[in-house]
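Here is a short briefing for a reader new to this structure. Look at the sequence and the model first, then read the points below.

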Amino acid sequence: MNEKQNEQDVKLINRREFIKYAAVGAGAVAATVAMPGFMMGNAEAAYLSKLPMKYKDYNVVFVSFDALQAAHVGALGYQRNVTPTIDAMAKKGFNFTNTISVASWTVPASMTWFTGVYPSEHRLTNKFSVFNPPNNNVLSNLKKLSPELVTLAEVLKQNGYATGGFTGNAGVSGGFGYSQGFDEYFFEKGKFGSMGVSIPKGLEWLRKNKDKKFFMFLHGYDMHGQNEPEGGFDYRFVEKGYDKKYTGTPKEQEALREEGLANGKTELRDADVQFWRAIYDEKIQRTDARFKKFLEEYEQMGLMDKTIFVLTSDHGTEFHEHRRFDHGFSLYDELIHVPLIIKLPKQKTGKVIKDQISSIDVMPTVLDLLDVKMPENAAKQLRGASLVSGLKGKPVAKDVFFETDYRQYTYKRGIQTKDGWKLIYTLEDKSRELYNLKKDPHETKNLVDQEPRKAYELEQRIFAHFKAIGHDLNAKQWIPGLNPVYDSQAKGAQKK
Amino acid sequence: MRLRRAANGLSPIVTSALILLAVMCPLAGMGFAADPPAAAERYKDTNVILVSLQCLRPDHLGVYGYKRDTSPNMDRLAKSSVLFDNTIAQANLTPVAMMSVLTSQYPRVNGMIAFDTAKDAVTSRTLPEILKYYGYTTAAVSGSPEFFMRYDTESGTEIKLGDVFSRSFDYFGRTRKGLGSSLRVAPVESLDWIKRNKDKKFFMWIASGVIHVPYAAGVPREDRVVYDPPGYTPFWEKFHSIKAEEGASDDTTYDVLMRLYKDEYYLGFKPVYKLTPTDYSYIVSRYDAAIRYTDNFIGQLVDTLEKNGLTKNTILIIHSIHGEDLGERDTYVHYDLSESAVKSALLVRLPDGQQGGKRIADQVQGIDIMPTVLDYLGVPRDHSQQGSSLLPLIKGEPGATGTEYAYIDRIPWWEHTLSRWYLEFKNSQTNYPESEKKPVKEYGAMLRSAFPAGSYPPGDIAIRTKQWKMILRKEPRLLEKVSWYGYITGSALQYNDIELYDIVTDPHERRNVAAQNPKVVETLRAKLMEWDAAVDKKKASYGAGEKRYIIPYP
C-alpha cells in the first residue's frame, strides 16, 4: 500500500466519513465490512433473524484495549491494516460504530462498564478520595465511595460464574476497587502493563477454569502512551525521512501531555503528529497480533463456541487534533469515540450497527445476553439500556452523556445527541463548545454564538441529566485544583 | 378548546416527571434513550410584556382591598388575570430585587448586590437573553433611572449604559437625561413601540419609578395633588427649603422621608417635629397619587393591546419590584425587610384572559416570574434559575403549592449605598443647618472605612412563611455602628441578632417574639442558614478590582 497515500487517509478518515466511504465501496478494508441493507444479503439477514439472544451459562470474555481511538480500527474505517484480528471478529459479530464512552480516561470510564452507572455516580472521578500530600493521600476505592453499588463481576459470581480479571494495573488497579467481585484479579503494581503480561496470566487461569462457566476481563496498556513494546519499536510505519525529533518513549509522551496541560496547547509539526500516529499504529498492530495468539489458544481450549466476546476500549487518545496530547482533559471525538464489538457464540455473520450508544449500555447488554438472575439492587442501579434489541435490528440510538474531572485542570460535562450535535460544558469557567458533528466531524468550529438556542437547550439537557442522577452541577463552585472526591478533605490541595 | 390548550401546557412538567421515572427504571430503556416530548411551543407566537413597578404596595390597590380608588384599571385587568396575594421580593432595593427577577436568581448568585456595580458584574442569563434565542425582538422602556443610569463619581459624569439591565435588548428606551425627579415619569414611549412592532413577536420590559420617592413628583400637578388634604402646608417648610432643581418644595423627597423616625422629624440630631395625622395623610396621599397615575398608564397599556389585537397572544405580567414603608415600622422608603417593603403585587394575565379572576393565596416570590413565563411559552428553563414556575398553581394542579419558605436578602445595607456617593449627593440638595454639615462628612468617612472599596457589602437575611418572618442580622454590631437612624437621632440603635415576627397577628412586626418561640427559631434558622450556605456556594464573583459606577437614586 502506498505509504504516503495511507498517511493522508489516516488524517482524513473519521467514523462519519467512513460511512460515506464504505457506501461507495472504496477502500480495501472498508469494503470487507458488512454493511446492513445494501451489503448484507438475504441469507445473512435470515441468519441474523434466527440468531438466539439468550445465552444462559455461556462464558464472557470482555477485552479492553486501553486507549484505542475508534478512528484507528479497521472495522471502523481505518485504512492501515493494523487490527486484522479485531476486524475479523467485528465482521462475524455486531460492530457498534458509534459507541461513545462516558469519560476520557481510564479510572472513571472503565468503572462504568462494571457498575452500569455514570462516573459521577460511582464516584471514581479522581484518583484520590483524600488528598493531603505528600504522604496522606488516599486512593479512591469503589467499596468506600459507593458501597451500595454492585459490580458486573459480583452479579456473575452470584450466578455461579468463575470470575477473573487480568489487567495492566494503573487505572484499572485493584486498589481502586476494580477487583470487586473477581475471584482472581491480576494487576502488577506500579506498571502500565501490557497484554504481553496479562494474556499469559489470563490463559493460565483459563486452563484451571475452562470447564466452569466464567467471566474474564482482559486488559492491557499496549496502545497507551505510558507503555512501549518489550524490545522497543521497530518503527514499521514511520516515514523514512522523519528527523527523529521524537522516538516514541513514554517520557516524551508524558512531556507532551504536560506541555498541553500547562500551556493549553502542544507545539507539534505535522511530521511529528504523523510520527506519533505511526508509533500508535505499531503498538496497535502488535497488540492485535497478541490478541490473535490469545484467540488461537482459546480456540484450542475449545471455548470459542461457548463464549460471548466483548471487545472495546475505555477511551481514545489524541494526537494534537485539538492541540493537546494523550487523554483525560478533553471530551472530543478522538477521546470518547471507542470501538465496541459484541460477538455471540457460534455467530458467523455480523452486522454494522451505526446507532449511537454509550459505554454505559455494555453492562445491561451483557447481563441481558447471559439471561442471569439480577439481584434487585443491581437491576435498579443500571442507567444504561440493553442493546439486545439493537442486535435484533431495532433502533437503539440515543443521546449520550460524558464527563471528565481531570487532575487539577478541568471539570467538563458533555452531551452528544443522536442527530449529531455535541455540547461540551466546562464547569470552572462556564465556557461552552457546540459542534455540529454532521458538518464538522473534527469539532473545529464552535457554534455557540451562531446557534445560541441549540447551545442553550443542550446545556439544559446536561444540567438536567446530572441533576437527575443526583449531581446538581449548580450545587457547588468548581474551582480547578487537585480536587479529590471528598472536597472537605482536600487538605493542602494545590497545583503540582 | 381553551381547556385543552391549558392541559397541553402541562407538558414541561410531565417531561421532567418522565425523565425522573426513567431514572427509576433504567432497564426500560426509556428516558435517556428517548427524546423529550415536545412541549407546547407557545414561544412561536406569544408576546411577553413585563411591567415592573417600583415601591408598589399591594395593599394600596383596590383589587387587594384598598379603600381609596387608586387602581380602577388594574382592578379591571385583574378580572381577566390571575392575582397573587402573597408575593415576596427577594430584596428591598430596586436594582437588587429587579435583577433577581430578571435572572430568577437570588441576588448574591447573580452578583447584583450593590449600587456601586462593575459594568459586567452580572453574567447570569436574563429573561430577554433567553427569549432572544427563541426569536423574540426585545425592547425595554424604563422610567426607573436605576436601570438606565450609571454615574462615574471620578469624572462626575453619567456614563453610557451597556451593562446587564440593557444587555440583550434590541431596543432600550429611557425617559430622559439628567438627574432629577422628572426621570421618574410614566414610560409611555413603550406604547408607541408596541404599536410600531405589533406584528413582531416581542418581549417588552416596562419599568416605572413614578411610585418612588419623591412620590409622583414627575407627573402633572393636578394628578399629583389629587388626594392632598385640603389646604395642607408641608411641615418641613418650617425648617428648611429643598434645593431640588426640579419638582416642587412640597414634594415628599427622600431627604424628608429619611429623616422621619418613629413619627418624629429629625434635624441636627434631635427630633424637631412630631408628625400629625394630617402630615401622615399627606405623605400617603402623594404615594397613592403616584399609584393612581401609574394605574392610568396601565389602562393605556391595556387599551393599546386591545386596539392592536394583542390581548389574545400576549402574556402581561405586572409586579412590584418591592414594596414601601410608610412609617408602620418607624421608617419610610424601603430601608429594611419589613412586610411593607417586601410584599409585592403580582398579576399575571395569560393570553385571552385564561384562568381570569383567579386569586392565589400561596406564598410565591419574584424569582418565580421568569420560570413561569418560560414554562408557559414551552421554553426550557435555565438550570441556574432558582424560582419555580407558577403555572401549576395557576392551573390549580393537585399538589401545587407555592414557596413554603421565602428568602430575602437585605443587601446592600442602605448605609453601604450612602458610603459610595449618595450621602454627599443628597445632603447637598437640601438646605440643612450648619450643625449637620460637618457631621455628615464625618459620618461619610466612617462609612467608607466600614465598607472599604471593593469589599463585599454586608447584608442581612430573612426567611418568611405564611405565619412567621425571621430576620437574621449577620453583623449586628457593625449595623449599629453605621446605622443611618443611629446617626440622625444621635443615639445608637440596638439590633437583635434574630428577630422573629408573627406576621399574622403582628403584620407591622412591632414585637420580636424570638425568645417566646425557640422551636420556631430553631427550625427557621436551620432553613435560613441552609439557604444562605447554598447561595454562598453559588455566589458570583464580586470583582474587587473592577472599575465601579454608581447606580443613582434621584
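Strands, in the sense used here, are DSSP runs of E that hold at least two residues, numbered from the N terminus. Two strands pair if DSSP finds at least two bridges between them. With that in hand, β15(A) and β16(A) form a hairpin with four residues between them. In the turn, A:G420 has a positive phi of about 90 degrees. The model is predicted. The points below cover a sheet and a helix pair in chain A, then chain B.

**The sheet in chain A**

- Four strands make an open sheet in chain A, in the order β14-β15-β16-β17, and their pairing is antiparallel.
- β14 and β17 (431-436) of chain A are the edge strands, and each pairs on one side only.
- On average, neighbouring strands of this sheet are turned by 15 degrees against each other, direction ignored.
- Helix α17 (residues 452-468) of chain A lies across β14, β15, β16 and β17 of chain A.
- The helix α17(A) runs at about 65 degrees to β16(A).

**Strand β15(A) and its partners**

- Strand β14 (residues 400-406) of chain A is joined to β15(A) by seven bridges, and the two run antiparallel.
- Along this pairing, A:T404 stands opposite A:K412, and A:Y406 has A:T410 as its bridge partner.
- β14(A) and β15(A) also form a hairpin, with three residues between them.
- A:R407 sits in that turn and has a positive phi of about 45 degrees.
- β15(A) pairs with strand β16 (residues 421-426) of chain A over five bridges, in the antiparallel sense.
- In this second pairing, A:R413 stands opposite A:Y425.

**A helix pair in chain A**

- Helix α5 (residues 84-92) and helix α12 (residues 270-300) of chain A have axes that come within 7 Å.
- The two axes cross at roughly 55 degrees, and α5(A) and α12(A) are therefore oblique to each other.
- From α5(A), the residues A:P84, A:T85 and A:I86 take part in the contact.
- They meet A:D288, A:F291, A:K292 and A:L295 in α12(A).
- By class, this contact of α5(A) with α12(A) has four nonpolar, one polar and two charged residues.

**Chain B as a whole**

- Chain B has 18 helices and 21 strands.
- Of its 554 residues, 49% count as buried.
- Take the contacts in chain B between residues at least 6 apart in sequence: 73% of them join residues at least 24 apart.

**The sheet in chain B**

- An open sheet of four strands in chain B has the order β17-β18-β19-β20, with antiparallel pairing.
- β17 (406-410) and β20 (498-502) of chain B each have a single partner strand, so one side of each is left without a neighbour in the sheet.
- Neighbouring strands here are turned by 15 degrees against each other on average, direction ignored.
- Five bridges join strand β19 (residues 468-473) of chain B to β20(B), and the two run antiparallel.
- Within that pair, B:K469 stands opposite B:Y501 in β20(B).
- Helix α18 (residues 518-537) of chain B packs on the sheet and touches β17, β18 (460-464), β19 and β20 of chain B.
- The direction of α18(B) makes about 60 degrees with that of β19(B).

How values were computed: Residues numbered from 1 in each chain as written. Chains lettered and ligands numbered in written order. Predicted model: local features only at pLDDT ≥ 70, side-chain atom pairs only at ≥ 80, totals over all residues. Axes fitted to C-alpha atoms, helices over the stretch in contact; angles between N-to-C directions. Contact = placed C-beta atoms within 7 Å. Buried ≥ 20, exposed ≤ 12 C-beta atoms within 10 Å, placed from the backbone. Parallel < 35°, antiparallel > 145°, perpendicular 65-115°, else oblique. Nonpolar A, V, L, I, M, F, W, Y, C, P; charged D, E, K, R; others polar.
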